[in-house]
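The following exercises are to be worked through with the sequence and the model at hand. Each task is followed by a solution in steps.

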Amino acid sequence: MASPSLRARLLDGETLLGTFQLIDSPMAAEIAGVAGFDFTILDQEHGPLTAESCVGMCAAAERAGAAPVVRVRNNSEAEIQRALDIGAAGVEIPQVETGADARAAVDHARFDPLGSRGFSPYVRAGGYTGGDDYTDRQNETTAVVVHIEGERGVENLDDIVAVDGIDVLFLGPYDMSQSLGIPGQVRDDRVEALMQEVCDRAADAGTVVGTYADDPEMARQWIAAGAQYVAIGVDGAVLTRAFEDVVEAVTG
C-alpha cells in the first residue's frame with residue numbers, strides 16, 4: 001500500500017480527485033493513476049466488476065499511484081469483507097440512510113476492537129501472510145466511504161455522522177435527483193440545495209464530504225462548497241466522448 005494512505009491524506013485535509021471505473025480492465029485502472037488521479041473507484045454496484053476481476057485492477061492502480069476504492073453492491077458483511085481482503089484502499093457503501101446503516105458499514109469494514117470484520121491474514125490485503133500488526137494497520141489505513149443518496153439519508157444525517165469510523169460522506173447527485181422526483185437533473189436548484197445542506201452540516205461535524213461530478217466545472221463547484229473527495233466522470237463515458245471528438249474532428 002502506498003504511503004501515506006488515502007485515508008491519511010483525507011484526514012490531513014487534502015482535496016483528492018478520482019474517477020469511476022466500470023470497464024473491466026487493469027489497464028483502465030492503471031491509466032487513471034498515470035493520468036494523475038489520486039484514486040479510482042472500481043464500481044461493482046453499477047458495473048460488471050467482481051472481486052475476482054478487481055484484484056488485478058487494485059494492483060494496477062496502486063502501481064500507477066491511484067488508490068483503488070471498491071464500491072460494493074450493498075451494505076453486507078460479505079461484500080465489504082471481500083472488497084477489502086483483495087487489497088482495496090477503501091470501500092464505498094451505497095444507500096446509507098440511517099445511523100444503523102452507518103454502524104453496520106463500520107462494523108463490516110473494521111477489525112476488532114473497532115468492528116467485526118471477518119479475519120484471515122492470508123489474503124492480498126495482508127501480503128498473504130498477515131503479520132502481528134495486520135489488523136491494526138488495516139484499521140488505520142482503510143477508508144470507509146458511505147453514500148448519502150436521498151432525502152432519508154439527509155434527514156438522518158446527524159445519526160450517521162455520529163458513528164465513529166466513517167471517513168467520507170459521499171453525495172450521489174443522480175440518486176438524490178431521483179429521490180426528489182427529478183431523475184437526472186443534477187444541476188437543479190433542489191438537488192444542489194440538498195447537497196449544499198449536507199456539505200454545511202458535515203463541515204460543522206468535522207466530517208469529510210465527497211461527491212461525483214460530471215465534468216471539471218461541476219467538480220470545482222463542489223470543491224468550493226467543501227468537498228475533499230471528488231470523483232470526476234465514468235471511464236466509459238469519458239472514452240466515448242473522446243472518441244466522438246476524434247470522429248467529429250476528422251469528419252466535420
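Helices (H or I, at least four residues) and strands (E, at least two) are DSSP runs, numbered from the N terminus. The model is predicted, with local features requiring pLDDT of at least 70 and side-chain atom pairs pLDDT 80 or more, whereas totals for chains, interfaces and linings use all residues. Residues are numbered from 1 along each chain as its sequence is written, and side-chain values use heavy atoms, without hydrogens and water.

**Exercise 1. Backbone geometry**

Task: Locate Tyr-128 and Gln-95, and state the phi of each.

Solution.
Step 1. Tyr-128 lies in the loop between α5 and α6. Its phi is near 70°, a positive value in a residue other than glycine.
Step 2. Gln-95 belongs to the loop between β4 (90–93) and α5. Here phi is also positive, at about 55°, although Gln-95 is not a glycine.
Step 3. For context, most residues other than glycine have a negative phi, and most peptide bonds are trans.
Step 4. The peptide bond between Asp-112 and Pro-113 is cis, with omega about 10°. Pro-113 is placed in the loop between α5 (99–109) and α6 (134–141).
Step 5. Gln-95 has a relative accessible area of 36% and is therefore partly exposed; buried means under 20%, exposed over 50%, and partly exposed in between (1.4 Å probe, protein chains only).

**Exercise 2. Aromatic rings**

Task: Classify the ring pair Phe-111 and Phe-119.

Solution.
Step 1. Rings of Phe, Tyr and Trp (its six-membered ring) pair if their centres lie within 6.5 Å; planes under 30 degrees apart are stacked, over 60 edge-to-face, and the rest tilted.
Step 2. Eight aromatic pairs are found in the whole structure. In the pair Phe-111 and Phe-119, the centres are 5.6 Å apart and the planes stand at 75°, so the arrangement is edge-to-face.
Step 3. Phe-111 is buried, at 2% relative accessible area, whereas Phe-119 is exposed, at 54%.
Step 4. One aromatic cluster is formed by Phe-20, Phe-39, Phe-170, Tyr-174, Tyr-212 and Tyr-229.

**Exercise 3. Cysteines**

Task: How many disulfides does the structure hold?

Solution.
Step 1. A disulfide requires a pair of cysteine sulfur atoms within 2.5 Å.
Step 2. For Cys-58, the closest cysteine sulfur is that of Cys-54, at 6.0 Å, which is too far for a bond.
Step 3. The structure holds zero disulfides.
Step 4. Cys-58 is buried at 0% relative accessibility, and Cys-199 is buried at 5%.

**Exercise 4. Helix packing around α4**

Task: Describe how α4 packs against α5, and which residues Asp-85 touches.

Solution.
Step 1. Helix α4 (residues 77–85) packs on α5 at an angle of about 45°, the axes being 9 Å apart. Axes are lines fitted to C-alpha atoms, for helices over the stretch in contact, and angles run from 0 to 180 degrees between N-to-C directions.
Step 2. The two helices α4 and α5 are therefore oblique; angles under 35 degrees count as roughly parallel, over 145 as roughly antiparallel, 65 to 115 as roughly perpendicular, and the rest as oblique.
Step 3. Glu-77, Ile-80 and Leu-84 of α4 meet Ala-105, His-108 and Ala-109 of α5, contact being heavy atoms within 4.5 Å.
Step 4. Asp-85 is in helix α4 and is buried, at 12% relative accessible area. Leaving aside residues up to four places away in sequence, Asp-85 touches Arg-117, Val-123, Arg-124, Ala-125 and Tyr-134.
Step 5. Tyr-134 is one of the buried residues of α6. The buried residues of α6 pack against α1 (6–11), α4 and β5 (143–148).
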